[in-house]
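Please find below a note on the two-chain model under review.

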Amino acid sequence: MKINFSNKKITGMLSVLPSNEVMFEDEMHNYSFSEAKSLKLKTAMGFKSKRIVAEDTTTSFDMAVAGFDYLFDNNLLVKNSIDAVLFISQSPEYIMPPTSNLIHGKYELDERVVCLDINQGCAGFIIGLQQAFMLLDNDGINKVVLCNADVLSPKVSKFDRNSNPLIGDAAAITIIENTSENTSIVGEIRMNGSGAMALNVPAGGARMPITAETSELYEDSFGNKRSKNHLVMQGDNVFNFVQTKVPEQINKILENSNDTVESIDYFLFHQPNRFMLQKLADKLGVSRDKLPSNVVENFGNSSGVTIPVVTTFNLGEQLENSEMNVCFSGFGVGLTWGTIIMKIGNLDFCKLIYK
Amino acid sequence: MEDFLEQMAEIMEVDNVNPSDELTSFEAWDSLTTLSIIALADDDYQVSLTNAEIADAKTIEGLHQLILSKQNA
């Protein structure tokens, strides 16, 4: 699907990270690998510390609410100005009702405010932006609150060296509004459902309810232990997919736009790990400092929240005071890959806070 | 083949490798070396490999043949 909008802009962005920090070395002894091998992995992938909720009882909803409270308390968002709430997550509060409706209820939003939950992962920020732009084309919708939130750390086995070192938790709130300025927003979203199970949590849905049996740990061919309740990732397939499809998509969008690699100030990508991001930068011919890859080492990979995290962490003050031409790209679960090129800046707020 | 042997020696962290060496026989062999091989194939040979294909290739020579056959496909 092509993305092509004008007269819309992002006016604020807030990331919420757990205050609880876990170092790679703290958990290294859980993996069935020698210390030397684990430290080699740490260097290659860029693992250092991650931010995960201290208690499994803290949910995506709680992280999002911390963000809303901050915005309301600091008068950065006015309740009555909200026309729609999007909640994009793979860790909803309940199977029913939608988590966005719970947010609506908690803040006693007006009945005219429309709520929508979307189940999306690594590309969740791109999907959310695209949905927000579409909503803004409807009468009476002038401000959309996009909430990306995921607490997946409880869904990852502590004995899985494939996933545990990189997973982080986070929430983000992005405000998208109509504007009289003639803005240009271009991009594309593509999907390949035949790769849908490349990243999955087998048990816990309708197909495979959680039982004592699904909770038993099994060992894979590399010595990682996880249960069917845990997230499992086919790293090889994900790597090949990202390295092939993402540069192809971005090059095509650039070809069809007035932009070049040089005219983009920053490439703000989903953050799977430093290794994959540096490879992507090299493939695109982008200098590595224009494609920040420092989220996993500081916070972990929080799925659809990583694009707001990489943006607020690296460019917070700059985006409050100036404008830039950026390329957002998210890729992963689904398989889904999406890219949006747009100007962003002079934001009402662009901050990262801890809960 | 010479280049490939050098590249494999670097990934396996040894001075040199023989075509007949079994992939799993190296001390360094783990999921990270597999990923390094996948990245090497993508960077230098423009082919996509999976973990299963690498395991099936068994030896350094087998891996080289696999990459060549994919390049010619």
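The points below cover numbering and conventions, selected helices, the contact between the chains, and backbone geometry.

1. This is a predicted model, in which local features need pLDDT of at least 70 and side-chain atom pairs count only at pLDDT 80 or more, while totals for chains, interfaces and linings use all residues. Residues are numbered from 1 along each chain as its sequence is written, and chains are lettered from A and ligands numbered from 1 in the order in which they are written.

2. Helix H6 (residues 235-255) and helix H7 (residues 274-284) of chain A have axes that come within 10 Å and cross at roughly 35 degrees. Helices (H or I, at least four residues) and strands (E, at least two) are DSSP runs, numbered from the N terminus; axes are lines fitted to C-alpha atoms, for helices over the stretch in contact, with angles from 0 to 180 degrees between N-to-C directions. The crossing of H6(A) and H7(A) is right-handed, a term for the near helix being turned clockwise from the far one by less than a right angle.

3. On the H6(A) side, this contact is made by Phe239(A), Val242(A), Gln243(A), Val246(A), Pro247(A) and Ile250(A). H7(A) supplies Met276(A), Lys279(A), Leu280(A), Lys283(A) and Leu284(A). Two residues are in contact if their C-beta atoms, placed from the backbone, lie within 7 Å. By class, the contact has eight nonpolar, one polar and two charged residues; Ala, Val, Leu, Ile, Met, Phe, Trp, Tyr, Cys and Pro count as nonpolar, Asp, Glu, Lys and Arg as charged, and the others, Gly among them, as polar.

4. The buried residues of H7(A) are Arg274(A), Phe275(A), Met276(A), Leu277(A), Leu280(A), Ala281(A) and Leu284(A). A residue is buried if 20 or more other C-beta atoms lie within 10 Å of its own, exposed if 12 or fewer, and partly exposed in between, with C-beta atoms placed from the backbone. The packing partners of these buried residues in chain A are helix H2 (35-45), H6, strand S14 (266-269) and helix H8 (295-298). Just after H7(A), Gly285(A) takes a positive phi of about 75 degrees.

5. Glu248(A) also belongs to helix H6 of chain A. Glu248(A) counts as partly exposed because it has 13 C-beta neighbours inside 10 Å. The C-alpha atoms of Glu248(A) and Lys283(A) are 9.8 Å apart, although 35 residues separate the two along the chain.

6. The contact between the chains takes 15 residues from chain A and 10 residues from chain B. Helix H2 (residues 31-45) of chain B gives the most to the chain B side, with six residues. That side divides into four nonpolar, four polar and two charged residues. The buried residues of H2(B), including Leu32(B), Leu35(B) and Ile38(B), pack against H2 and H6 of chain A together with helix H1 (2-12), H3 and H4 of chain B. The end C-alpha atoms of H2(B) are 20 Å apart, which agrees with the 21 Å that its 15 residues should span.

7. Two residues of chain B other than glycine have positive phi. Gln46(B), with phi near 55 degrees, lies in the loop between H2 and helix H3 (51-57) and counts as exposed, with 11 C-beta neighbours inside 10 Å. Lys58(B), with phi of about 65 degrees, lies in the loop between H3 and helix H4 (60-72) and is partly exposed, with 15 other C-beta atoms within 10 Å.

8. One joins Met96(A) and Pro97(A), with omega about 5 degrees; Pro97(A) is in the loop between strand S5 (84-88) and helix H4 (99-106). Another joins Gly334(A) and Leu335(A), with omega about -20 degrees; Leu335(A) is in the loop between strand S15 (323-332) and strand S16 (336-345).

Notes. Expected span 1.5 Å × (residues − 1).
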